Amino acid sequence: MTIDPDARTLIKPRVHKHVVKTLAQRILREDLKPGALLPPEADLCEELKISRSALREAVKVLGNMGLVSTRPRTGTVVRNREDWNLLDQDLLAWSMEIAPSPELVLSLIEARQAIEPAAARLAALRASAAELVPLEDAYKRMSEAKARQDFNAFNRADIDFHTALLRASGNIVFQQLSNTIGAALAYSFRMTVERAREPGASLPNHGEVIERIRQRDSEGAAASMARLLRIAVIDLGL
């Protein structure tokens with residue numbers, strides 16, 4: 001059977017994703033700055049060893065991420081940073097592989113400061129014992145990881161702790177945020193742990209959040225979470 005070479009995006013999805021990632025990271029690094037045109041199709045196809053249809057499909061994905069827009073008789077233009085969908089899980093993961101943007105790290109922390117104390121307050125008011133189990137399990141795994149100095153495991157459990165908190169809030173928007181901005185929170189948590197002077201030092205503060213929630217102390221839970229996030233700001237040097 002003869003295969004149309006222009007169907008390679010369907011046959012080789014890994015190649016397709018590699019092309020999207022390559023072009024996205026050039027934009028993230030500002031090798032291609034806002035307002036710049038992508039190189040001509042023929043040049044990119046030759047460089048990346050792909051067909052025109054594969055390239056066009058990749059450009060569509062970049063467009064969905066808010067990175068580029070295609071203009072008639074002009075070409076494909078890199079959009080301004082404020083148009084980028086930085087909460088896209090792939091885009092955020094690719095950002096993590098290159099030099100982190102201090103502006104992005106600060107923005108993620110500010111988002112957490114707005115969201116998580118409110119989630120802790122609601123969890124104290126609403127969460128059932130069963131709904132607190134994932135939160136308590138994550139805290140237990142954090143404790144165990146710190147004891148054995150396994151900070152990769154600590155980081156994973158830390159992410160689980162905060163996403164479990166959003167789910168325990170009983171707020172359907174926060175619960176959706178636990179999925180849709182999970183990558184953003186993971187980025188923030190990872191940067192916090194990697195830059196902290198003593199990874200795992202915030203463990204008692206996590207325990208305080210759980211204890212306030214158990215006691216149904218809504219304002220205390222919110223205040224404890226706010227203190228925990230202030231530690232993250234200090235650890236990041238922001």
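Thr-70 touches Val-59, Gly-75 and Thr-76, leaving out residues up to four places away in sequence; touching, or contact, means heavy atoms within 4.5 Å. This is a predicted model, in which local features need pLDDT of at least 70, side-chain atom pairs count only at pLDDT 80 or more, and totals for chains, interfaces and linings use all residues. Residues are numbered from 1 along each chain as its sequence is written, and side-chain values use heavy atoms, with hydrogens and water left out.

The side chain of Thr-70 also makes a polar contact with the side chain of Thr-76, at 3.4 Å. A polar contact is a pair of N or O atoms within 3.5 Å; within protein, one must be able to donate a hydrogen and the other to accept it, and residues adjacent in sequence count only if both atoms are side-chain atoms. Is Thr-70 buried or exposed? Thr-70 is exposed, with a relative accessible area of 58%. Exposed means over 50% relative accessible area, buried under 20%, and partly exposed in between (1.4 Å probe, protein chains only).

Thr-70 lies in strand E1, residues 68-71. Strands (E, at least two residues) and helices (H or I, at least four) are DSSP runs, numbered from the N terminus. Two strands pair if DSSP finds at least two bridges between them. Arg-71 has Gly-75 in E2 as its bridge partner. The two strands, E1 and E2, form a hairpin with 3 residues between them. In the turn, Arg-73 has a positive phi of about 60 degrees.

Helix H3 covers residues 41-48, and its buried residues are Leu-44, Cys-45 and Leu-48. They cover an arc of only 100 degrees around the axis, so they sit on the same side of H3. The arc is that of the directions from the helix axis to the C-beta atoms. Just after H3, Lys-49 takes a positive phi of about 60 degrees.

The largest nonpolar core has 30 residues. Such a core is a set of buried Ala, Val, Leu, Ile, Met, Phe, Trp, Tyr and Cys residues joined through side-chain atoms within 4.5 Å. Helices H6, H7, H8, H9, H11 and H12 each give two or more residues to this core. H8 gives the most, with 8 residues. Leu-135 is among the residues with the most contacts inside the core. Beyond its neighbours within four places in sequence, Leu-135 is in contact with Phe-161, Ala-164, Leu-165, Ile-210 and Ile-213. A second, separate core of 29 residues includes Leu-23, Leu-28, Ala-58 and Leu-104.
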